[in-house]
Amino acid sequence: MEKHLLSGNEAIARGAYEAGVKVCSAYPGTPSTEIFESLPQYGDALYCEWAPNEKVATEVAYGAAIGGVRSLCAMKHVGLNVAADPLFTAAYNGVNRGFVIVTADDPSMHSSQNEQDNRRYAKFAKVALIEPSDSQECIDFMKEAYRISERFDMPVLFRTTTRVSHSKSLVTFGEREEAEPFVYTRNVRKFNCAPANAYLNHPKVEKNLAALEEYGSSCPLNRVEMRGTEIGVITASIAYQYAKDVFPEDASFLKLGLTNPLPMQLIRDFASRVKTLYVIEELEGFMEEQIKAAGIDCIGKALISNQYELNPQRLRELLFGEKPETAALPVQAVSRPPTLCPGCPHRGFFYTMSKGKDFVIAGDIGCYTLGANPPLNALDTCICMGGGFSVAMGMSKAFEASGQQKKIFGVVGDSTFFHSGMTGAAEILYNKGRVIPVVLDNHITGMTGHQDNPGSGYTLQGEPAAAIRIEDVLRAFGYEKVLVVDPQDLAAMQGAVDEALAAEVPTAIIARRPCLLIKREKRPTGLCAVDTAKCIGCRKCLKVGCPAVMIREKKSYIDPTQCVGCTVCAQVCPVGAIGRKEG
Amino acid sequence: MKRTSAILVGVGGQGAILTAKVLVNGLMRAGYDVKMSEVHGMSQRGGSVSTQVHWGEKVYSPVVGEGAADLMLAFEQMEAVRYARFLKPGGVAVINEYALPSATVAAGLAEYPEGCLEAMRAAFRCYTLDAAKIALELGSPKCMNIVLFGAMTKALGLDEIDWEASIRETVPPKFVELNLAAYHAGRAAAKD
């Protein structure tokens, strides 16, 4: 059989295709994004889209499962916080055809604001939980996930971690299977969550979970690898791969793929066949707590931290105290934090903000979080998607209540605006907030790797689509002044900020310039250079925080391999020492 | 055959992921079980990045922790120092002599460390080369990654693998000739 090297995310997309999935909706978020970037290759076999947010994506996919086709949605772990509402109700209602929600968790927070363990959601919402440990399992387990969803009438939470989603391993492909056709008829009793129906649905959910637990003892997702009887290891997800590297050859394994509900009879049998039982899991003691509650003795979180991701060397050290041997070097690397790219349109806005006295800036999730870093230092908070406007609103009320004089800006991106920033914009207007909402519109969802959104004018497949104009939305809300400005023009940017601060009517700012990394945008290229005869070495150009601008022999120097000729540094030079040429 | 682990380190945008793909494709053709791990997202924006590749008869974990990599390919010399703790003592490092100041250095908030290459040479078996210069001489700074890959294949010693075929099938068609030249120049330049 031909082998292919696929990331876990690419394999999940392949698994959905092979499972006969027909409708897919997601909002991008690291480490889940590539699942949906891999779906358009399956052409007409399935419909796939970027939704404005995770809640919408989940509702669209669930609606498709009610409508009668297998469906998929995917999100990063914190996305499920946004989508929790439909998840919990879908759990009570059940499905007509298979419904799978992929949650990609991020232990160690490579690209996230927390390392919440979303296995808890499965138990909380009362749905099946499936965890693959490599790319082949991502394909195979997806197909089984749809069978379980239909057989036990419930959504399936399919949980990966960064190392499952972003590791590549060898897989073989299977054929696409088509689900049995379903003809939709109205079923209010099942799909209308009115209290009387919900009251009747809860016992059904408990019964289905009990049946699923029993199935877990024989289902192909859970397997016993029986070797010796001294050591037994219960594990799941990526922790299985780490444990295989760490435990001796004669250790026996109970490798679980279906982890909610836990197959307690299978666990009890396995535990009775080994002398010492370990439970190896990343983050929380999700399995261990339940195994201990069932009266089975085991070793786990007493030794293994619930913080940060594991790896074989860390696991060996935590379990057996064996510290890895490393070479000590007499030099140390200095930090290399991520930065706004050369030519990033956000730079002009944050540079302008960095000069403001008494400015408080509530930010949001996206590349512009980097505006908090030195030398810009122009961001106070970053809480969650869409929080930029509403957190600013609360701060303004606090300042009013406590007599503090501040000028408050709420900042979101374009994708974030459509995700959940719009409600904050309504809040500021409705409740007379003294906040200036600012949308940093770069025409793309940037940080996750350039996905389209309702404002960008293209679909997931790259086909032209309606581009919703943010200024039209804000004006329709009732913002009387909406100042649209090019942030790369520093004088215009400053002018817009001054005008908004002086305005007597509700005013918003849209700082608009497409991200430099959008491939379809054609733009003139150029290069800035320093005339060292003119440069006075005042270092003002360093204040824009561009990685291409540096000091060499006490004068400014612009690295030609990085510069894109945006001229923000030239605009701040007091002696006109920086020039730009085309090319 | 025991498992071998390589770590590729550099700065976002230097082409480490493509290089890892060329390596992995060659290993796959030779029949090894292979796993590769990368991290996307926040770290892409000019930050420090690392990719791991593991191969052998059977590979379980797609990542290793400290003191466990057999080989390092560093696209930038300070990044070699940053990730040195992942290399086994006595491991092999292929290092680009190229130095790229980080944003903190460019802004004058920190000093780029002196003596990175010397420190690495003292602790590991090192091959160093000025891949940026070689790539420029070949006509494009963009092939710097494959120059380094060429040097790495010399350090690897897996001479039965047809790396040229792997380059042909991995890089975009119009850059095949440039990258093959880069591969050979890198192999020739690797100084033990």
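Begin by selecting Arg163(A), which counts as buried because its relative accessibility is 13%, where buried means under 20% relative accessible area, exposed over 50% and partly exposed in between, with a 1.4 Å probe and protein chains only. The model is predicted, so local features need pLDDT of at least 70 and side-chain atom pairs count only at pLDDT 80 or more, whereas totals for chains, interfaces and linings use all residues. Residues are numbered from 1 along each chain as its sequence is written, chains are lettered from A in the order in which they are written, and side-chain values use heavy atoms, with hydrogens and water left out.

Glu309(A), at 11% relative accessibility, counts as buried.

Then move to Glu131(A) and Arg159(A), another salt bridge with its closest N and O atoms 2.8 Å apart, in which both residues are buried.

In chain B, select Arg187(B) and Asp159(B), whose salt bridge has its closest N and O atoms 3.8 Å apart. Here Arg187(B) is partly exposed at 23% relative accessibility, while Asp159(B) is exposed, with a relative accessible area of 57%.

Terms used. A salt bridge is a side-chain nitrogen of Lys or Arg within 4 Å of a carboxyl oxygen of Asp or Glu.
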